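Here are my notes for a first look at this one. Have the model open beside you and go point by point.

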Amino acid sequence: MTSTSVLYISDSIGLGHAARDLAIARELRALNPEVEIMWLAGDPARRLIAEAGETLLPETEAFAHETGVAENTSGEFSLNVLRYALRAQGAWKRAVAAFEEVTARYPYDLLIGDESYEIDAALDEQPEIKKAPFAMIYDFVGLDAMSRSPLERVMAYRFNWLWGGGPRGKPPTQEDLTLFIGELEDVPDKPFGFLLPNRREYTSCYYHFVGYAFPFDPAHYTDKKKVREALGYDEERPLIVCAVCGTAVGGDLLRLCATAYPHVQERVGDVRMVLVCGPRIDPAHVQVPSGVEVRGYVPRLYEHFAASDVAIVQGGGTTTLELTALRTPFIYFPLEDHFEQNLVVAKRLARHGAGKRLLYSETTPERLAEVVFGQLGREVSWSAIPTDGARRAAELINDLVEPRAPSRSAG
């Protein structure tokens, strides 16, 4: 069998998308053991990818600044995506330059981008730089303004005009395969904007919906006692795991959890709380009362979610879906002013009946303790969700390009 050379661009902020990208890559290799995958990724995703033994190209350094831009744009547990997009222009230009350099130097048979918006836009503007079929991965469709700011509303409309192909709803021009991680019902049944097509109708025509993609099989974590023993947690003591995404934006939530701990103790008694800071928050900078453990980056965090009695998390799409799949009771806080976490993720969770939503600005430590107490020992009632998205995505990607003659390795 001849090899297929793939450039995989894991281009989103944080860690969640990198986890699903690795799952898709693993399934792609199961279908074609001769596939060669090289990676471009930003920080901290590249850490996860490197730990998995994958090959990161030297040019990935140009992708290292986008998370920092998001952190610098954020406020107190808030992040406006459109304001972030304004400030990220420089980072996106560097990413496009790195992409052009890599694809000019190495002959790839296939390009895969996970939310690689800047690359997609560059291919539209300069079709000549596209050297191979391109598969694009999404998990939401369209942007929404979160304020009455005229600039923000104009920006959202401009993005949506391009995203939805204008009033006529033209299909994506440079995407040979458009994948959606999720279900059709996850796309809002509303227009991209005035005189623009309906989002759900548009995606039903041009996107392939594959379900949800995970780096694990939830069936392997149904025995909570066994999972706890493997991780060193005792069986009797209630366990609360508090975690934020792969950026420093969620530090405020960790501090709220720590402050709530004494109030949880008053209601529950002996309870174990673990704060997981992730790769970009220094655990030494998180002040906690006696009895609260603080950890930095934790590999395979989903295992700790499976072991926990209650999880408290930032409202990211990947983390909340992992908890839904694991059937662990959880409380989630969407980043304020963040349209995706408030208008997409929260509505998806509501549709599944999963998780308890709270707003950071309206939640006192006492209130959080009250909700935690209500979640402890609760039997979840939501239905199982589709978890084979990585395999289904890999099958579609594998069908996109026939294996060619052996390509010159990028390594």
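**Notes on the model**

1. Let's begin inside. The lining of the largest cavity is made up of six nonpolar, three polar and five charged residues. Helix H12 (317–326) gives the most to the lining, four residues. H1, H12 and helix H13 (339–352) are the elements that give two or more.

2. Some ground rules before going on. This is a predicted model, in which local features need pLDDT of at least 70 and side-chain atom pairs count only at pLDDT 80 or more, while totals for chains, interfaces and linings use all residues. Residues are numbered from 1 along each chain as its sequence is written, and side-chain values use heavy atoms, leaving out hydrogens and water. Helices (H or I, at least four residues) and strands (E, at least two) are DSSP runs numbered from the N terminus.

3. How many cavities of 30 Å³ or more does the structure hold? There are three. A cavity, on a 1 Å grid over the protein atoms alone, is a set of points where a 1.4 Å probe fits but cannot get out; a pocket is an open set with protein on both sides within 12 Å along at least five of seven lines, and lining residues have an atom within 4 Å of a point. Grid points are joined across faces, edges and corners, and a volume is the space filled by probe spheres set on the points.

4. Next, the salt bridges, of which the structure holds 25 (a side-chain nitrogen of Lys or Arg within 4 Å of a carboxyl oxygen of Asp or Glu). Take Asp139 and Arg20, whose side chains meet at 2.9 Å, N to O. This pair links distant parts of the chain, 119 residues apart: Asp139 is in the loop between strand S5 (134–138) and helix H7 (150–163), and Arg20 is in helix H1. Both Asp139 and Arg20 are buried; buried means under 20% relative accessible area, exposed over 50%, and partly exposed in between (1.4 Å probe, protein chains only).

5. Another salt bridge joins Asp309 and Arg228, with the closest N and O atoms 2.3 Å apart. Asp309 is in the loop between helix H11 (301–307) and strand S11 (310–314) and Arg228 is in helix H9 (residues 224–231), so the pair ties together parts 81 residues apart in sequence. Why does Arg228 count as buried? Because its relative accessibility is 3%. Asp309 is partly exposed, at 21%.

6. Asp43 and Pro44 are joined by a cis peptide bond, with omega about 5°, and Pro44 is in the loop between strand S2 (36–41) and helix H2 (45–51). Phe77 is not a glycine, yet has a positive phi of about 45°. Is Phe77 buried or exposed? Phe77 is buried, because its relative accessible area is 0%. Leu195 has a positive phi as well, near 70°, but counts as exposed at 60% relative accessibility.

Conventions: Ala, Val, Leu, Ile, Met, Phe, Trp, Tyr, Cys and Pro count as nonpolar, Asp, Glu, Lys and Arg as charged, and the others, Gly among them, as polar.
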